[in-house]
Amino acid sequence: MASHRRPKQPSRTRVTVLTATAAAAVALSAQAASADPGAKPTRSEAKEKVDRLYEQAEQATEKYNGAKQRQEKLEKEAGELQDRVARGQEEVNKLRDGLGAVATAQYRSGSVDPSLQLLLSSDPDTYLERASTLNQVSAKQAEALRQIATKQRALKQQREEAAGKLADLESTRKALGERKAEVQGKLAEAQDVLNSLTEKERAAIAAAEKEEAAKAAAKAGSGEDGSGANGSKGGSKDGGSGQTGSSGKAVPGSGRAGAALAAAQTKIGSPYVWGATGPSSFDCSGLTSWAYAQAGVTLDRTSEAQANDGTRIYDQSQLQPGDLVIFYGDMHHVGLYAGNGQVLHAPRTGTVVRYEAMSNMPFQFGVRVG
């Protein structure tokens, strides 16, 4: 008779391992299902992703602005150098023509002064050394030769400098194109995410942002927290009162900062357009530079550069109306302080110039423009 042995039971350790493995497999399967790239994101997920993409687009926008400013500067410098080279060459030609006239006259008389053979030489310095040894150059001719030699040396240096500027310009144009493509790519990706939502969901997001902006505007003009611009500690540098009006807007202090904030307030509702500097549309640094320009102050073009356009203020309670406010560690966003912890700014693509709570973004410091 065949013997029937009882099957060996798995050890407790093995059962535990098998159970854990099965649980992990289930968890991974569920995670994979939830991470299905084809799955439609929820409204909150979509908004979070869109906000992140818009922030990345703004980072690229400020880099684009910097590259564009550099391109414009290089174009101007290269143009000026090329003009100087052209004028210098004309002067050299006139000097050489003057010596040529003397040579022609001597040739007709049957004797050309050896010194005038310079006209056949591309190296005036070497010729001068030889000619001075032979005492064959008159004082007047020697001075003309020296002028030619000096101007030719200057022309050579200017041509080299112009060539360097043009090479930098080409590199900058390439970087400008890359930044532009990056911005457009991020914006297109964000639009794809928004298009995945229903019209009702998009309307709900827009309504929530509008409501938040209205609350920020009311708070900017309320004076309720008694700190910063309204009820400011130490008063305004420009002598402004920092009070608020019945219109619900922070009343700007006097002086340039106040005038800049007042100018920006006239642009509330204007659309954000990347790379724009007004007067009908703006990006973040475009708004601040335009606003201060109305007050007679020229700011740098980018938010990162504007961070160095005045005295930095790290204590939010010391901010006053019109001070620049810098956000994010890489300083890619800037707005104007509007009082009570609120900022007036051009947020991002798809929005308009509006008030917003500073707490919505990572504050770095304020800048009081000198």
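How much space lies in the largest pocket? In this predicted model, the largest pocket holds about 390 Å³ of space.

## Largest pocket

The lining of the largest pocket is made up of 16 residues, and those that lie nearest its centre are Asp51, Tyr328, Arg348, Glu356 and Met361.

Three elements each supply at least two residues of the lining of the largest pocket, namely helix H2 (43–109), helix H5 (199–220) and strand S5 (354–357). Of the elements that contribute, H2 gives the largest share of this lining, with five residues.

## Second largest pocket

About 330 Å³ of space lies in the second largest pocket, whose lining comprises 18 residues, with Ile205, Ala206, Glu209, Arg348 and Gly350 lying nearest the centre. The elements that give two or more residues to the lining of this second pocket are H2, helix H4 (139–195) and H5. Here the largest share, six residues, comes from H5.

By class, the lining of the second largest pocket divides into seven nonpolar, seven charged and four polar residues.

## Elements and residues found in both linings

Arg348 is among the residues nearest the centre of the largest pocket, and Arg348 is also listed among those nearest the centre of the second largest pocket. Helices H2 and H5 each supply at least two residues of the lining of the largest pocket, and these two helices likewise each give two or more residues to the lining of the second largest pocket.

Conventions: Residues numbered from 1 in each chain as written. Predicted model: local features only at pLDDT ≥ 70, side-chain atom pairs only at ≥ 80, totals over all residues. Heavy atoms only, no water. 1 Å grid on protein atoms, 1.4 Å probe; cavity = no way out; pocket = protein on both sides within 12 Å on 5 of 7 lines; lining within 4 Å. Points joined across faces, edges and corners; volume = space filled by probe spheres on them. Helix = DSSP H or I, 4+ residues; strand = E, 2+ residues; numbered from the N terminus. Nonpolar A, V, L, I, M, F, W, Y, C, P; charged D, E, K, R; others polar.
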